[in-house]
Amino acid sequence: MATIVFFEKTGCINNTKQKKILDLAGHYVQAVNLLKHPWTENELLSFFDQLEVKDWFNRNAPAITAGDVVPEDFDRESAIKALLKEPILIRRPLMVIGENRLVGFNPEELDHLIGIKAVKHEEAQNLLSQNLSVCPQKDRGLSCN
């Protein structure tokens, strides 16, 4: 069993499903509201340092879907400033598992790291079969802010 610090947007449907998968796999999830956490530049970079800048952004953020923010237009310095100013732009979830820092919910990566796919629970298998990177609110014409 792993302890996972799970930075989420409280109330996000996908983050709720992702936490449920981790819980059903027997892991302890410590949820932290990503929008209210007092982020520092160094802390955010500890998650994003190995990724391309465009991959630091939450593609479901209203400003991005509206075209007001274009992740490909940012360099490292301007991106980190934007994320610190508007945390809704931060790709989520962010997770801390031991010494590992993860960006986004990648079932294969999580399975390799802590084991989540071998869970025989029907609800977990159903959730794992869903695309948890696309906001289901958008399908209903609602905002995913």
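Helix α5 (residues 107–114) is followed by Gly-115, which has a positive phi near 80°. The structure is a predicted model, in which local features require pLDDT of at least 70 and side-chain atom pairs count only at pLDDT 80 or more, whereas totals for chains, interfaces and linings use all residues. Residues are numbered from 1 along each chain as its sequence is written, and side-chain values use heavy atoms, with hydrogens and water left out. Helices (H or I, at least four residues) and strands (E, at least two) are DSSP runs numbered from the N terminus.

The buried residues of α5 are Pro-107, Leu-110 and Ile-114; buried denotes under 20% relative accessible area, exposed over 50%, and partly exposed the range in between (1.4 Å probe, protein chains only). These residues lie on the same side of α5 because they cover an arc of only 65° around the axis, the arc being that of the directions from the helix axis to the C-beta atoms. The face turned away from this buried side carries the exposed residues Glu-108 and His-112. An α-helix has 3.6 residues a turn, so residues three or four places apart point the same way.

Helix α1 has 12 residues and reaches 17 Å from its first C-alpha to its last, close to the expected 16 Å; the expected span is 1.5 Å times one less than the number of residues. Its buried residues are Asn-14, Asn-15, Gln-18, Ile-21 and Leu-22. They cover an arc of only 120° around the axis and therefore lie on the same side of α1. Ile-21 has 0% relative accessibility, and its C-alpha atom is separated by 7.3 Å from that of Ile-116, 95 residues apart along the chain. Leu-22 is likewise buried, at 0% relative accessibility. Leaving aside neighbours within four places in sequence, Leu-22 is in contact (heavy atoms within 4.5 Å) with residues including Leu-110 and Ile-114, both of which are buried residues of α5.

Just after α1, Gly-26 takes a positive phi of about 95°. His-27 is found in the loop between α1 (13–24) and β2 (28–33) and is buried, with a relative accessible area of 6%. Polar atoms of the His-27 side chain lie 2.9 Å from the backbone nitrogen of Ala-2 and 3.0 Å from the backbone oxygen of Gly-115. Residues up to four places away in sequence not counted, His-27 touches Met-1, Ala-2, Ile-4, Leu-22, Ile-114, Gly-115 and Ile-116.

The largest nonpolar core has 24 residues, of which Phe-48, Trp-56, Phe-57, Leu-89 and Leu-94 touch the most other members. A nonpolar core is a set of buried Ala, Val, Leu, Ile, Met, Phe, Trp, Tyr and Cys residues joined through side-chain atoms within 4.5 Å. At least two residues of this core are supplied by each of α2 (41–48), α4 (76–85) and β3 (94–97). Apart from this core lies another, of 14 residues, among them Ile-4, Phe-6, Phe-105 and Leu-110. These four residues are among the contacts of Leu-22.

Definitions and conventions: A polar contact is a pair of N or O atoms within 3.5 Å; within protein, one must be able to donate a hydrogen and the other to accept it, and residues adjacent in sequence count only if both atoms are side-chain atoms.
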